Amino acid sequence: MRPGAKVSLGLGIAVTVGLLPAGMSSAAAEGTSGQAGQPPARIAPSQLSQDPGGACAGPDAPQQVRMVPTLRASQVTDPEADSVAVQFQADWDAGDGQGVVPRWTSGLTAAKASGSDFSITMPTSIPKGTPIGWSARSWDGAQWSSWSHEAPGTKCSIVYDTSVPARPSITSVEYPASDPADPNDPWWDGVGRYGTFTVDAADTDVVEYWYGINSEPSSDRTIATTGGAARSLTFMPAKSGTQFITARAFDAAGNAGPVQTYTFRVGSGQPERMSWKMDEDADASSVTGQGGTRSASLFGGAKPGGEGVTGNGFRTDGVDDYAATAAPAVGTDKSFSVSLWAKLPSDPPSGATVAVAQAGRNASGFEISHSSELGGWVFLRHTADSAEATAVRAAQPACPAGDTACASARLNRWTHLVGVHDSGAEVLRLYVDGELAGTAPFTTPWDARGATMLGAASHDGTVSHHFTGGLDEVRFFDHELTDAQVTRLAAKQPVDTGRPAKVVFPLDEGPAAVSFTGRSQEAPAELRGGARPGATGLNGRAVEFDGVDDYATPGRPVLDTSGTFAVSAWVKLPEDKAKADMTAVSQAGVGNQGFELYHSSRLGGWVFQRTDRDAPDATPVRAVQEACPADTDCPAARLGKWNHVLGVYDLDAAELRLYVNGALAATTSFSSPWSASGPLTLGGARDADGRLTSPLKGSIDDVRLYDRVVTADEIGQLSRQPQTVTGRWKFEESGGTPETTPDAAGSGNAMTLHDGAATGPGWVDGGLVLDGVDDHGVTAVTPLDTSNSFTMSVWAQASAVPEGDTTLLSIPGTNRDAFALRYEPSATPGADQGSWTVTTASSDDAQAAQTVVHNRQFSSPTDWTHLVVVYDDITCRLSLYVDGRLEQTTCADDARTYKAVKPLWVGGTQTAGDRHWPGSISDLWTFQGSLSETQISILSMGAPGLPTRVP
């Protein structure tokens, strides 16, 4: 009998019988007065929840659960503090024609004190995929509360779903999926360029995607969705090679589908747009500027070395000959121009024969071809990267009917062709022999990131429309050429205005070549105002500027500053730098600078700056290093030293980034790019009247410009100081008076052997044997600039465990050693293992700060032990490796070393109190620059006969 049921006892009297839940007393059932009082309070929906599923949700947005849920009612109360119990009920449509009616009602829970929580698990028989509404009510032993869903309440709603979502699809326009079965599976451009990857679910109940980049999907990388709608993520590859995106779908119940993997092939990044190595001799009047090389591989048996309009050219057979690059030559989503010379045979093939094209995934980004059907040359673009896209043609008019002279004049001769896409005017233009031959409106530019092809085109991945005839002098420009510039090209004169050609393929290779080589049009920077080439550079030569009127310029712009670009340079400012701003690299607009990379003591360090528009009163936007307090110079400014400075403008991220010595120094938002059409300047900036501003005093080396993002890995390589072998003593021989052993590095820095030190056997090649009393060796001069990054490597073996501090290597000063490598015995008597210790000093002053690094990761000094000391001046890091292992490193400003002037001591030191090394030394190296762990591991192998070069 259910509680509260009415039972007839006869005589017309009905009595309500309450069956009390366990633990509920009759007194409690009657209330504190012993009679029925107020009913329990209605349980509000806010007191209800389910696990899994969380808070109560209404029927408009049911909670999706993938396990049979446990229902919970929290803080259920009675106004008279009576004990209470709870009953749960659920309803759904079972498809039996009754509609949504109660289908399950629980029994009463055990009674608890007012304010308690209650829970019960639903039966496993509840239906899947059907909305279920549930509610609860409470019982105080005498009366029921109303149901929680009764006004103003609502039913809690769930959907029990154990189905697993299907794998989502992944697609990308910029990085199409790799097909391992395709022997010509292409590489797509590339490192430093973004791609968009779209994830799309097959199920409408998907609410979230997890994804991974070259890794499994993770909760750290999620994208919310609604109804399984497609969502996109953006990724910029940092390295070339085969890479992959993974994704899995989650439905609202939390069910996870299987992982989808999308594999794609990333080509190496676009080479530098232009670079100036600054390695010219002291009498040079300009410094050479040229871009990185590109290779166009030959296919179908194609051979170079044919007839050209000048020199050699590329003769194609019209069957299967063509050449193709791995990466596109130009971005086809904005203005560009293509110039070439082509020669048709006397009897050209029917249909279209393509001289040059750039592939997309399904259609060509552009084609310059000859069409027998149209009767002339054609510059063609497709409206989209689709096999069904419309072709838009700027075509040369056909010859008048019957005009055989006109037709024959177009054949069997070298013809100059230029195709121009002018995105601003939204038009395609075709020039033939310097004259405008045809135009066509074009309003839907898109970026074709496939191969640039000479002598064929690619449609849906199939190479076709092979060219019959000759090709020569192919040039690609990342801007629209003017009529005057086209006239110069047709006259075989270089274009010397606007940005230089982005890629030029002269096609002058001989018959034995297996590919064609292209690179940017050269842009020598003229040295003006007395700028001095041939100065000491970072690694070789550099150009020195006087800070007054010196600068260098190619006299033209190089970068398209309306898009993504990067500027890299090594710069050395004087130790006594004036507080004035000093610009290393800039490109001018009409009323302001398109960008500046400069040092400002006023702002505290290096600055990468753009302005929001090309006007004198434009607002500057800066990424600032802030290495020092404003209006001061400090050791962190590294004045008097070479510094690598790199600025990146990332159009996709709308951000300026500044890197100094490989580390990200600052970022700032910048969303108003514009194209600076003025000249590039090295060593200063140029105002609207061409006058030099913020001239640089110091030296500049290895300037590189890119029209893409430079990745973190590449920045690490660009900012690594050159490593050079400055000395190597193999101790294989000695002789002369006084006795010396030669420097295998070829620098002539022989080591003199003192007090009986002698060459003998060693661990690698030869060795130096020392008695531990007074034997030592001394180089003729110091082999290192200890104020800059350096590395020292040596093998050592003690004849007995030293009893006191013992010096192995040192570069002494008058009061403080600039550098010393010592063995310090253990403080525990009789212990075999002590510590290897390296010490440097910040100056040659008795009170100068010293930096000490220890390493105890070795067995005994009587074993042959490999020791490497690395000082990285850029990071102020001093490290000591023993047998290839690093135990301790120090990174602090006081780790800076002073510049030593005295020679290197081996086996001892001039410092009083230190002992000489008792034992042998083998294969001593000195390097300018800090070696990596990989390079150190090579030296720690101790291989005999290792060449004397940087490992």
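The structure holds 29 aromatic pairs. Rings of Phe, Tyr and Trp (its six-membered ring) pair if their centres lie within 6.5 Å; planes under 30 degrees apart count as stacked, over 60 as edge-to-face and the rest as tilted. Take Tyr 262 and Phe 264. Their ring centres are 6.1 Å apart and their planes meet at 35 degrees, so the pair is tilted. This is a predicted model: local features need pLDDT of at least 70, side-chain atom pairs count only at pLDDT 80 or more, and totals for chains, interfaces and linings use all residues. Residues are numbered from 1 along each chain as its sequence is written, and side-chain values use heavy atoms, with hydrogens and water left out.

Is Tyr 262 buried or exposed? Its relative accessibility is 6%, so Tyr 262 counts as buried (buried means under 20% relative accessible area, exposed over 50%, partly exposed in between, with a 1.4 Å probe and protein chains only). Phe 264 is buried too, with a relative accessible area of 0%. Both rings belong to a cluster linked by ring pairs, together with Tyr 175, Phe 197 and Phe 235.

A second pair is made by Tyr 823 and Trp 836. It is edge-to-face, with 5.4 Å from centre to centre and 70 degrees between the planes. Tyr 823 lies in strand S64 (residues 819–824) and Trp 836 in strand S65 (residues 835–841), so the pair ties together parts that are 13 residues apart in sequence. Helices (H or I, at least four residues) and strands (E, at least two) are DSSP runs, numbered from the N terminus. Tyr 823 has 0% relative accessibility and counts as buried. Trp 836 is buried, with a relative accessible area of 0%.

Some rings carry a charge over the face. The charged end of Arg 137 sits over the ring of Trp 144, 3.8 Å from its centre. Lys 112 lies over the face of Phe 118, at 5.1 Å from the ring centre. The test is that NZ of Lys or CZ of Arg is within 6 Å of the ring centre and within 35 degrees of the ring normal.

Now go to strand S17 (residues 241–251). Of its 11 residues, 8 are buried, so S17 is largely enclosed by the rest of the structure. Strand S14 (residues 206–213) pairs with S17 in the antiparallel sense over 7 bridges. Two strands pair if DSSP finds at least two bridges between them. Ala 247 in S17 is the bridge partner of Tyr 211. S17 also pairs with strand S18 (residues 260–266), antiparallel and over 7 bridges. There, Thr 246 stands opposite Thr 261 in S18.

Gln 243 is found in S17. At 2% relative accessibility, Gln 243 counts as buried. What does Gln 243 touch? Not counting residues up to four places away in sequence, Gln 243 touches Asn 214, Phe 235, Pro 237, Tyr 262, Thr 263, Phe 264 and Val 266. Contact means heavy atoms within 4.5 Å. Phe 235, Tyr 262 and Phe 264 are members of the ring cluster.

In one, 5 strands run in the order S5-S11-S10-S7-S8, with mixed pairing. Its edge strands are S5 (63–65) and S8 (100–105), each pairing on one side only. Inside this sheet, S10 (residues 131–139) and S11 (residues 156–160) pair in the antiparallel sense over 4 bridges. Ile 158 in S11 is the bridge partner of Ile 132.

The other sheet has 8 strands in the order S30-S29-S28-S27-S34-S25-S22-S39, and its pairing is antiparallel. S30 (391–395) and S39 (515–518) stand at the edges with a single partner strand each, so one side of each is left without a neighbour in the sheet. S27 (residues 352–359) and S34 (residues 452–454) pair over 3 bridges, in the antiparallel sense. Thr 452 in S34 is the bridge partner of Gln 358.

Finish at helix H3 (residues 483–490). Gln 485, Val 486 and Leu 489 are buried there. Seen down the axis of H3, the buried residues fall within an arc of 100 degrees, so they line one face of the helix; the arc is that of the directions from the helix axis to the C-beta atoms. The face turned away from the buried side of H3 carries the exposed residues Asp 483 and Ala 484. What covers the buried residues of H3? The cover includes strands S26 (336–343), S31 (414–422), S32 (427–432) and S37 (468–477). After H3 comes Lys 492, whose phi is positive, near 65 degrees.
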